[in-house]
Amino acid sequence: MIEFANLWAFVLLLLPLAVGLLLPAHKQSQDSLQVPYFDLLVKISGEKPASGATIMRRKRVQLVLLWLAWLCLVTAAAKPEWVGQPVQIDKSARDLMIAADLSGSMEVKDFTTSAGEKINRLDAVKRVLAEFAQRRAGDRLGLIVFGDAAYLQAPFTSDKETWLTLLSETEIAMAGPSTMMGDAIGLAISSFKGSDTKNKVLIVLTDGNDTGSRVPPVDAARVAKAHEVKIYTIAIGDPETVGEDAMDIDTLKEISNITGGAYFEALDRSALEDAYRQIEAMEPELYESLSFRPRQSIFHYPLAAIAILYAVSLPLMALSGSMQRRKVINV
C-alpha cells in the first residue's frame, strides 16, 4: 500500500493553471530580417505569419509531456512511501535476577543426580538453573553471587548461552566463605534500577544465614518492596544444621512475605527442581508485543520517470522536426 507523507503537495498541481490565469504572458522581443524567401521560411517553421506581438503556443505533445513531468515532480514532493504488512515483535517483559550463595558450605555433597552420583550443592544448583534458564525464553536473566560480599556475575541479558557460561564459571568460595545475603539483595535492587520493566523478580538461593551484611536481609527486603521487587527465597541443604552454617529459615520466610514472594525448602535435587517449577507457575513467561508497519520511501521512482520521459521524447521530437523540415525543403 502506498501512502504520502506530504499529501498537501498535490495542491501544487494547480500552480501552472494559476500562473497562466493570473500572470501576464512572457514577452520576448526578436529582431526581424527581411528575406526574399519568406514563404519558404514559413513552410519550414510551420508558423503562421502575423503582425505585431504573438503568443507562442506549444504543441499538444509538448503540453502533455510538460504536464506529465509536473505531475511526477509534485508526486515526488508528496514523498510517497510503500507501507508493508504489520510486523509484530515480542519483547521480554520481566527481569529475573538469581542470587546464588557461594559460601564454603555449598561444598557439602548431599545432593544426588538421577544416576545416583553424589554431587555438592553448587553443582546441583547449576544443573537445575541451566534447565530453568532454558525454559525462560521470554525473560532477561541476571546473576549475582555472594560470599564475603556480593558480586554481579551477569547483568540482565536475553542471551541465555552467555548467562549459562557465566553460571558455569562460578566456583565455591570464589566470593569468600561467608554469606552476605543482605548485600546480595541490595546489589539486586541496584541492578533493577536500570530496568525499564515493571516485573522485577529476585530468587535468593542459600544454604546458610547472613553473616554480617551492611544491610540486614529483612531491611533490604523492605527496600526491595519499595522498588516493587518480588523476592522468592530457596533454602537448600539440611535444615537441621546448627552453628554458623545453620539455615535462617525464619528470615528467608520473612523476606519473601515482605515482598510478596514465596519461600521454598529444597532438601534434595527433586525438591529444588520442584521449587523452580512452582516459581515458573507463579511467574509465567511474559511478553510485550510491539507492532509496526515498515515504510520505504519511493520518491525516486517519479523522478526516474521524468528522466526516462525526457530521454525518450526529446530525441523523438528532434527527429520529427528534422523530418518535417526536409519534407518542406523537398517541396
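The entries below go through the sheets, a helix pair and a few single residues.

**Entry 1: what kind of model**

I note at the start that this is a predicted model.

**Entry 2: the sheet of 6 strands**

I looked up the strand order in the open sheet of 6 strands. The order is S8-S7-S4-S9-S10-S11, and the pairing is mixed. I then checked which strands form the edges. They are S8, at 150-157, and S11, at 263-266, and each of them pairs on one side only. For the twist I found an average of 15° from one strand to the next.

**Entry 3: S4 and S7**

I went on to the pairing of S4 with S7. Strand S7 covers residues 139-146, and it runs parallel to S4, with 8 bridges joining the two. As a point to find on screen I picked Leu96, whose bridge partner in S7 is Leu141.

**Entry 4: S9 and its neighbours**

How many bridges join S4 to S9? I found 7, and the two strands run parallel; S4 spans residues 94-101. Within this pairing, Ile98 stands opposite Ile203 of S9.

On the pairing of S9 with S10, I again noted a parallel run, here with 7 bridges, and S10 takes up residues 229-236. Val204 stands opposite Thr233 of S10. I followed the chain from S9 to S10 and saw that it passes through helix H7, residues 217-226, in a β-α-β crossover that is right-handed.

How many of the 8 residues of S9 are buried? The count is 7, and the strand, residues 199-206, is therefore largely enclosed by the rest of the structure. The cut-off behind that count is a relative accessible area under 20%.

**Entry 5: the sheet of 3 strands**

I turned to the other sheet on my list. It is an open sheet of 3 strands in the order S1-S2-S13, and the pairing is antiparallel. The edge strands are S1, at 2-4, and S13, at 295-297, each pairing on one side only. Neighbouring strands here are turned by 35° against each other on average, with direction ignored.

Glu3 stands opposite Glu81 of S2.

**Entry 6: H4 against H5**

I took helix H4, residues 121-134, together with helix H5, residues 160-168. Their axes come within 11 Å and cross at roughly 170°. How do the two helices run relative to each other, parallel or antiparallel? An angle over 145 degrees counts as roughly antiparallel, so H4 and H5 are roughly antiparallel to each other.

I listed the residues that make the contact. From H4 they are Lys126, Leu129, Ala130, Ala133 and Gln134. From H5 they are Lys160, Glu161, Trp163, Leu164, Leu167 and Ser168. By class, the residues of this contact divide into 6 nonpolar, 2 polar and 3 charged.

**Entry 7: Ser256 and Asn257**

Are they buried or exposed? Ser256 has 1% relative accessibility and so counts as buried. Asn257 has 60% relative accessibility, so I put it down as exposed.

For Ser256 I looked up the contacts, leaving aside its neighbours within four places in sequence. They are Ile231, Thr233, Gly261, Ala262 and Tyr263. Thr233 is already in my notes as the residue of S10 opposite Val204.

For Asn257 I noted a distance instead. Asn257 and Leu17 are 240 residues apart in sequence, and their C-alpha atoms are 78 Å apart in space.

I looked for positive phi values in residues other than glycine and wrote down two.

Lys79 has a phi near 55°. It is placed in the loop between helix H3, at 60-77, and S2. Its relative accessibility is 37%, so Lys79 counts as partly exposed.

Ala173 has a positive phi of about 70° and is not a glycine. I found Ala173 in the loop between H5 and helix H6, at 181-192. With 37% relative accessibility, Ala173 counts as partly exposed.

Note on methods
Residues numbered from 1 in each chain as written. Predicted model: local features only at pLDDT ≥ 70, side-chain atom pairs only at ≥ 80, totals over all residues. Heavy atoms only, no water. Buried < 20%, exposed > 50% of the residue type's maximum accessible area, 1.4 Å probe, protein only. Helix = DSSP H or I, 4+ residues; strand = E, 2+ residues; numbered from the N terminus. Pairing = 2+ DSSP bridges. Right-handed = clockwise from strand over helix to strand, strands pointing away. Axes fitted to C-alpha atoms, helices over the stretch in contact; angles between N-to-C directions. Parallel < 35°, antiparallel > 145°, perpendicular 65-115°, else oblique. Contact = heavy atoms within 4.5 Å. Nonpolar A, V, L, I, M, F, W, Y, C, P; charged D, E, K, R; others polar.
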